[in-house]
Amino acid sequence: MPKGFPMSQAAPLPGPTMPHHEIPLSRPDISEVEIDMVVETMRSGRLALGPMAERFEKLVAARAGCRFGVSVSSGTSGLHLVMRALGIGPGDEVITTPFSFIASSNCILYVGAKPVFVDICPKTLNMDPGLLEKAITRRTKAILAVETFGNPAHMDAYASIAARHEIPLIEDSCEALATSLGGRPCGSFGRVGVFGFYPNKQITTGEGGMIVTDDERLADLCRSMRNQGRAIGPDQAVIDGRHNPRNVGAWLRHERLGYNYRMPEINAALGVAQMRRLDEIVLKRQQVADAYMKRLMANPNLVLPTICPDTLMSWFVFVVRLATGYTAAERDSIIAGMRNHDVGAADYFPCIHLQPFYREEFGYEPGMFPIAESVSQRTIALPFYNSLSQREVDIVCATLEVMIGRENLRRG
Ligand SMILES: *Cc1c(COP(=O)(O)O)cnc(C)c1O
């Protein structure tokens with residue numbers, strides 16, 4: 001751009017008047033309701049430790065069928081607090097899945113414990129309950145289960161295994177808000193559950209998370225640790241948004257090692273508005289998932305998601321996988337081809353145990369969890385969000401099919 005070129009004459013950014021035709025992998029659904037609530041909160045002057053976070057906590061806890069909700073700055077920080085609150089530390093083992101977003105396992109590392117992976121069931125993509133029970137040792141301090149891609153399969157089985165062995169079940173429900181199994185909502189199967197509200201989740205707060213539990217002591221510990229280890233209860237520093245006049249020293253007294261994992265009020269306001277629209281959001285996502293299912297059902301090159309009976313799905317992502325026999329290189333080439341045609345696609349998820357720092361630290365090697373490894377090299381996440389139209393679903397599927405066809409041709 002020549003010096004002094006007036007900005008107003010620069011090429012307009014893509015916008016409503018000049019659409020560009022990329023179909024992204026995900027996109028949040030923000031309506032005027034959300035915008036109004038956020039603006040109202042900004043005008044209120046209360047930007048931290050205020051009433052919005054509490055409202056949001058009550059809404060999410062109720063939806064998850066739990067007594068208490070503790071809002072936090074992310075799903076990851078929520079998982080970290082849960083590890084601390086359960087007293088998990090060096091020398092302890094926590095059983096978990098290798099087929100997940102890395103945060104579900106990293107929280108075990110944060111407290112110096114060891115993640116013990118068990119392989120997954122090839123249909124549901126969650127931990128195989130039989131293998132899980134066999135992996136329990138004297139050192140096992142907890143089971144950390146993930147509803148991968150929002151699928152709640154086996155959560156009831158994990159809960160009974162945990163109960164039988166008298167160890168807590170931690171539910172990483174970051175992908176499963178509003179999903180239920182046998183009428184029981186995700187988040188309520190474990191001693192404690194954690195949700196995440198990053199912009200690609202069912203609902204978003206920008207960044208944010210929520211711990212849910214029926215255990216009041218555990219909730220209080222998490223509340224204290226998210227707020228720099230300050231006291232909770234009648235001694236707490238801030239009551240109803242005001243510094244506690246009966247306890248002048250409370251703000252700068254720290255009873256335990258804590259963090260700043262609080263959720264800002266602006267983010268909580270966004271969350272409250274999204275929760276009000278949750279049923280509408282879940283329904284829209286179901287319609288998009290149905291459209292994909294219908295369109296791709298007959299394709300012999302693809303395996304579609306398996307949803308077990310008794311499941312009410314709240315779809316997080318729509319992940320298909322190539323039939324057995326396709327290689328990781330072929331899958332990556334299909335994803336690259338789709339991206340080159342402005343269609344979002346991603347390799348959800350590479351196995352956690354094969355991430356470089358896990359291999360180095362714990363000696364994990366390829367071949368240790370063959371089902372997770374085989375599945376993970378053939379998965380393709382497709383664009384998935386509330387406003388995705390039937391026409392766009394058709395474009396995504398046609399592009400996917402062309403790219404698969406190109407790989408088939410290359411093989412001869
Ligand atoms: C999204 C997600 C998290 C938390 O992510 P944040 O970005 O920290 O909110 C944790 N576990 C799983 C399985 C997730 O998908």
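**Cavity, pockets, domains and a helix**

Analyst: A search of the whole structure finds one cavity of 30 Å³ or more. This is a predicted model, so local features need pLDDT of at least 70 and side-chain atom pairs count only at pLDDT 80 or more, while totals for chains, interfaces and linings use all residues. Residues are numbered from 1 along each chain as its sequence is written, and side-chain values use heavy atoms, with hydrogens and water left out.

User: What makes a space a cavity and not a pocket?
Analyst: On a 1 Å grid over the protein atoms alone, a cavity is a set of points where a 1.4 Å probe fits but cannot get out, whereas a pocket is an open set with protein on both sides within 12 Å along at least five of seven lines. Lining residues have an atom within 4 Å of a point. The largest cavity has a volume of about 80 Å³, a volume being the space filled by probe spheres set on grid points joined across faces, edges and corners.

User: Which residues line the largest cavity?
Analyst: There are 15 of them, and R27, P28, P199, K201 and R285 lie nearest its centre. By class, the lining has five nonpolar, six polar and four charged residues. Here Ala, Val, Leu, Ile, Met, Phe, Trp, Tyr, Cys and Pro count as nonpolar, Asp, Glu, Lys and Arg as charged, and the others, Gly among them, as polar. Domain 1 (32–276) and domain 2 (278–411) each supply at least three residues of this lining; the domain bounds come from an automatic or database domain assignment.

User: Why is the second largest pocket said to lie between the domains?
Analyst: Domain 1 and domain 2 both give residues to its lining, so the second largest pocket lies between them. Its volume is about 450 Å³, and among its 26 lining residues F101, A103, Y198, N200 and K201 lie nearest the centre. The two domains have C-alpha centres 27 Å apart. Their contact (heavy atoms within 4.5 Å) takes 44 residues from domain 1 and 37 residues from domain 2.

User: What lines the largest pocket?
Analyst: The largest pocket, of about 590 Å³, has 27 lining residues, with L49, E54, R226, Q236 and V238 nearest its centre. The lining divides into ten nonpolar, seven polar and ten charged residues.

User: How do you know that the span of helix α10 agrees with its length?
Analyst: The expected span is 1.5 Å times one less than the number of residues. For the 13 residues of α10 (residues 328–340) that gives 18 Å, and the end C-alpha atoms are 18 Å apart, so the two agree. Helices (H or I, at least four residues) and strands (E, at least two) are DSSP runs, numbered from the N terminus. After α10 comes D342, with a positive phi near 65°.

User: Why is R378 called buried?
Analyst: Buried means under 20% relative accessible area, exposed over 50%, and partly exposed in between (1.4 Å probe, protein chains only). R378 has a relative accessible area of 5%, so R378 is buried. R378 is found in the loop between α12 and β15. Leaving aside neighbours within four places in sequence, the contacts of R378 include V320, Y326 and R331. Within α10, the buried residues include E330, R331 and S333, and what covers the buried residues of α10 includes α12 (370–376) and β15 (379–382).
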